[in-house]
Amino acid sequence: MAEKGRRGALVVVEGLDRAGKSSQCELLYRSLLALNYKTKYIRFPEKDRSTPIGKQIDSYLRGQSQLDDHSIHLLFSANRWEVAQSIQDDIADGVTVIVDRYSYSGAVYSASKGNPNLSLHWAWQPEVGLPRPDLCLFLSISPEDAAKRGGYGVERYETDCMQRRVRDLFLSLLDLPHNDEICVIDAGRPVDEVAQDILEPVLECMKNVDSIGPLKKLG
Ligand code: NYM
Ligand code: MG
């Protein structure tokens, strides 16, 4: 149903581990398909963690390898740069691209590790120039509620202390003036209610891409 000549929208979903991002992205993807929109759903780290960079990230997150904090940070960023051009091509082709985690996760997780040489400012720099989301939905959940959901604690970073720091940094990043396209969603509610709250701003954004103009870049 993408109207002639209209570009797709770049929609990012962010939040803590177990905030429900992947379930909500899947629901959003299906809703947009049911409405006949050209849509893709991608995630970072990329879905099967199967590219050479994806494999290194996977091994690190499972605790099977050690990497310098800066190195793993840059690998996460490189994983986004690997697909930046294809995102741009899809958007130009009228496809709305739903992205499960993006540069915001990239910056805040690394900057939450307590490494004095890895500030949020430093962590943001490799993201500069990547396609800028038209809309970023931050699924807000307390670390306590997130921890109650299944599977928590398996991977690196899934500790209470880390998640608290991640949440604080997410909130401080959302305050930055260049992030006015961010929409905070209360993710501590039933799945259907959250899905409804997500669909509305996404449809609105897709309708408005013409007035937003061409896809921008992160600055
Ligand atoms: N993560 C994810 C980062 O540390 N930096 C990044 O750039 C991205 C995209 O990977 N705990 C972390 C956050 C998660 C972990 O992601 C795995 P997921 O979506 O939980 O599988
Ligand atoms: Mg996770």
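Mentor: Arg 18 lies in the loop that joins β1 (10-15) to α1 (21-34); here helices (H or I, at least four residues) and strands (E, at least two) are DSSP runs, numbered from the N terminus. The model is predicted, so local features need pLDDT of at least 70 and side-chain atom pairs count only at pLDDT 80 or more, while totals for chains, interfaces and linings use all residues. Residues are numbered from 1 along each chain as its sequence is written, and chains are lettered from A and ligands numbered from 1 in the order in which they are written.

The backbone at Arg 18 has a phi near 70°, a positive value in a residue other than glycine. Most residues other than glycine have a negative phi, and most peptide bonds are trans. Arg 18 counts as buried because it has 22 C-beta neighbours inside 10 Å; a residue is buried if 20 or more other C-beta atoms lie within 10 Å of its own, exposed if 12 or fewer, and partly exposed in between, with C-beta atoms placed from the backbone.

Asn 36, in the loop between α1 and β2, also has a positive phi, near 70°. With 9 C-beta neighbours inside 10 Å, Asn 36 counts as exposed. The loop between β2 (39-43) and α2 (52-61) holds Pro 45, and the peptide bond from Phe 44 to Pro 45 is cis, with omega near -5°.

Nine of the nine residues of α4 (residues 103-111) are buried, so the helix is largely enclosed by the rest of the structure. These buried residues include Ser 103, Gly 106 and Ser 110.

How do α4 and α7 pack? Their axes are 9 Å apart, at an angle of about 130°; axes are lines fitted to C-alpha atoms, for helices over the stretch in contact, and angles run from 0 to 180 degrees between N-to-C directions. The two helices are therefore oblique to each other, given that angles under 35 degrees count as roughly parallel, over 145 as roughly antiparallel, 65 to 115 as roughly perpendicular and the rest as oblique. Tyr 104, Ala 107, Val 108, Tyr 109 and Ala 111 of α4 make the contact with Val 166, Leu 169, Phe 170 and Leu 173 of α7; two residues are in contact if their C-beta atoms, placed from the backbone, lie within 7 Å. The residues of this contact divide into nine nonpolar, no polar and no charged. In this scheme Ala, Val, Leu, Ile, Met, Phe, Trp, Tyr, Cys and Pro count as nonpolar, Asp, Glu, Lys and Arg as charged, and the others, Gly among them, as polar.

Helix α8 (residues 191-212) contains Leu 199. Leu 199 and Gln 24 are 175 residues apart in sequence and 9.7 Å apart in space, C-alpha to C-alpha. Beyond its neighbours within four places in sequence, Leu 199 is in contact with Leu 28 and Ser 31. Leu 199 has 16 C-beta neighbours inside 10 Å and counts as partly exposed.

Of its 219 residues, 37% count as buried.
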